[in-house]
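Reader: I'm new to this structure and would like a close look at a single part of it: the salt bridges. Could you walk me through them?

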Amino acid sequence: MTTTQSANRQILLKLLIASVMMFGFGYALVPMYQALCKVTGINVVTSKNDYGVRAFSPNKVGNTQVDYSRKVTIEFDSNSRGPFTFKPLKNFLEVHPGEMTEIVYEVTNNLGRTVEAQAIPSYAPKSATEFFTKLECFCFQQQTLAAHEMKKMPVVFVIDAGLPQDVKTITLSYTFFELGVGVPPAGSTTPKTKGA
């Protein structure tokens, strides 16, 4: 065996060992990440309640940005333009500013064909818009609903702790409409008030 062949075999052996080690490390990342999340309390959520609402557990240090001395009522409204049954699973929630919260909306396509749809949000009072931050929302993208399909769609949001003290209630309203049959302008619907 020549010196070149011997050197090539050594390089091949080293590359194989490195490949096996990289695969093993990649395989071990998932349990390591889960263990890290468990220890730090990151990405740990409680189970959903009967209304489809999920409360997020704080990490061990605690979220110092949550204002526990204050509650804001968030009302959820829904309007549909097209062949849909569309509603929130809960009509309102009381939240602390700075607290991450989830609400689930449910939509059903009442047609015997697939439809493309979109949701447009609006807020009341308008002054609260800049303090209402959605981290996850079905309104971020178009929705495809098969014939007679029902979907549960989450909205994860935080009310900024800088919300003016005189704002006690915010209404989040969505208009859900079929695409290609006339698009309503953003914020064109007036949110319903409680009891309406």
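**Salt bridges up close**

The side chains of Arg-113 and Glu-178 meet in a salt bridge, with 3.0 Å from N to O. By salt bridge I mean a side-chain nitrogen of Lys or Arg within 4 Å of a carboxyl oxygen of Asp or Glu. Arg-113 sits in the loop between β4 and β5 (115-124) while Glu-178 belongs to strand β9, so this pair ties together parts that are 65 residues apart in sequence. Helices (H or I, at least four residues) and strands (E, at least two) are DSSP runs, numbered from the N terminus.

Before going on, a word on the source: this is a predicted model, where local features need pLDDT of at least 70, side-chain atom pairs count only at pLDDT 80 or more, and totals for chains, interfaces and linings use all residues. Residues are numbered from 1 along each chain as its sequence is written, and side-chain values use heavy atoms, with hydrogens and water left out.

Are the two partners buried or exposed? Glu-178 has a relative accessible area of 9%, so it's buried, and Arg-113, at 41%, is partly exposed. The cut-offs are under 20% relative accessible area for buried, over 50% for exposed, and partly exposed in between (1.4 Å probe, protein chains only).

A search of the whole structure turns up 3 salt bridges. Another one joins Glu-106 and Lys-152, whose closest N and O atoms are 3.8 Å apart. Here Glu-106 is in strand β4 (residues 100-109) and Lys-152 in strand β8 (residues 150-159), so parts 46 residues apart in sequence get tied together. Glu-106 is buried, at 16% relative accessible area.

Then there's Glu-94 with Lys-71, where the closest N and O atoms are 3.8 Å apart. This pair links distant parts of the chain: Glu-94 is in strand β3 and Lys-71 in the loop between α1 and β1, 23 residues apart. Both Glu-94 and Lys-71 are exposed.

Now for the sheet around some of these residues. Five strands make an open sheet of mixed pairing, in the order β3-β1-β9-β5-β7; two strands pair if DSSP finds at least two bridges between them. β3 (92-95), the strand of Glu-94, stands at one edge and β7 (143-145) at the other, each with a single partner strand, so one side of each has no neighbour in the sheet.
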